[in-house]
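Please look through the following protein before reading the notes on it. The briefing takes the chain as a whole and then turns to some of its parts.

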Amino acid sequence: MHHVRTQLTHHRYAAVLLTALTLALGLLTASVPPDAYAADNGRWSVFPAGKKSAEDAPHRSYFRMKADPGRTLRDKVTVSNLAKEPVTFLLYAADAYNTPRDGGFAVREPTEKQRSVGVWTRLARSEVTVPAGGRTTVPFTVAIPRSASPGDHPGAVIALDKRVARAKGTGVGIRQAVGARIYLRVNGERRPGLSVQDVRFDYEVPLVPGLGKDATVTYTLVNSGNVQLEPRVDLKAKGLFGRTSFDSAGNKLPAELMPGQRVRITQKWAAPPPLDWGSVELTASDKGGELVESGSTAYRTVNWGVLAALALLVLLLIAGVVVRRRRSRTAARS
């Protein structure tokens, strides 16, 4: 797990925007593995207990748990205050999900309905004050009900700064939060599922060929199973005479596609050929190679109206040449 914030970014600092009654939370998804470093924002960090510091034992930068339904798991989370003054944090657990537009790792708001990790997790303390330069460790349990569905149940333990600051020039309050991810697997039948839906090609065909803007290919990835996926997407456009007009292989967004989640992804196609049409073919697969799904859509980058006008002009020119030749022949005979 990495930083908590409202939007996907690779920066190490994060903010949570608090409106009148709504707290929006998101967890950073980076291109590096989730165990590469502990979750921190430069002022405090959150990580599994048992480490000397946030940088130690990277394999424990998040919680990875596995158990049968009906079992109760126990662990401890540590909040380390890197600031020069004491800070009071609110502690809670929440379910995770993929943000629909970019696939980032996010968690449910405290006021939202929780269905798995956010319901099953009980922290020994819901509020802690950590002294300057100090740390506090809090035990927690994850009580998995007997009725829990098998598969992966991602979530996080969040430490939210109780203080509310004001953003400059706005009336929006700003609160920061950092969370340690929980990857919980409930034992049982594994049912991987992946599908590609609603593939679309969008392009504003220009009046003058070659002067158009970039095109986009948009599609939806759906995890229809109960196993977390690491999808890879290969996208290829084949135009006239089977020529490959666009080839984008190995896209890995989102880095983690959670069970039951769908993500809408937009792929940029820079400077498509000015006079071309064909089909866009998309192949999505999981990292393990168990799943391979495909989708396609037609595309064109030519303005049929302009092409028809050019064809008509050519026909008129040819007709003019033919008429002139016939007149020349007639005049020569006479």
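How many helices and strands does the protein have? The protein has two helices and 22 strands, where helices (H or I, at least four residues) and strands (E, at least two) are DSSP runs numbered from the N terminus. This is a predicted model, in which local features need pLDDT of at least 70 and side-chain atom pairs count only at pLDDT 80 or more, while totals for chains, interfaces and linings use all residues. Residues are numbered from 1 along each chain as its sequence is written, and side-chain values use heavy atoms, with hydrogens and water left out.

**Whole protein**
- Of the 334 residues in the protein, 47% are buried, meaning under 20% relative accessible area with a 1.4 Å probe, protein chains only.
- Among contacts (heavy atoms within 4.5 Å) between residues at least 6 apart in sequence, 70% join residues at least 24 apart.

- Five strands, in the order 3-4-6-11-9, form an open sheet with antiparallel pairing, two strands being paired if DSSP finds at least two bridges between them.
- Strand 3 (39–40) and strand 9 (121–123) stand at the edges with a single partner strand each, so one side of each is left without a neighbour in the sheet.
- Strand 4 (residues 44–48) pairs with strand 6 (residues 72–81) in the antiparallel sense over five bridges, and Pro-48 stands opposite Val-77 in strand 6.

**Leu-194**
- Leu-194 lies in strand 16 (residues 194–202) and is buried, with a relative accessible area of 5%.
- Leaving aside neighbours within four places in sequence, Leu-194 is in contact with residues including Val-222, Leu-257 and Glu-293.

Methods. Buried < 20%, exposed > 50% of the residue type's maximum accessible area, 1.4 Å probe, protein only.
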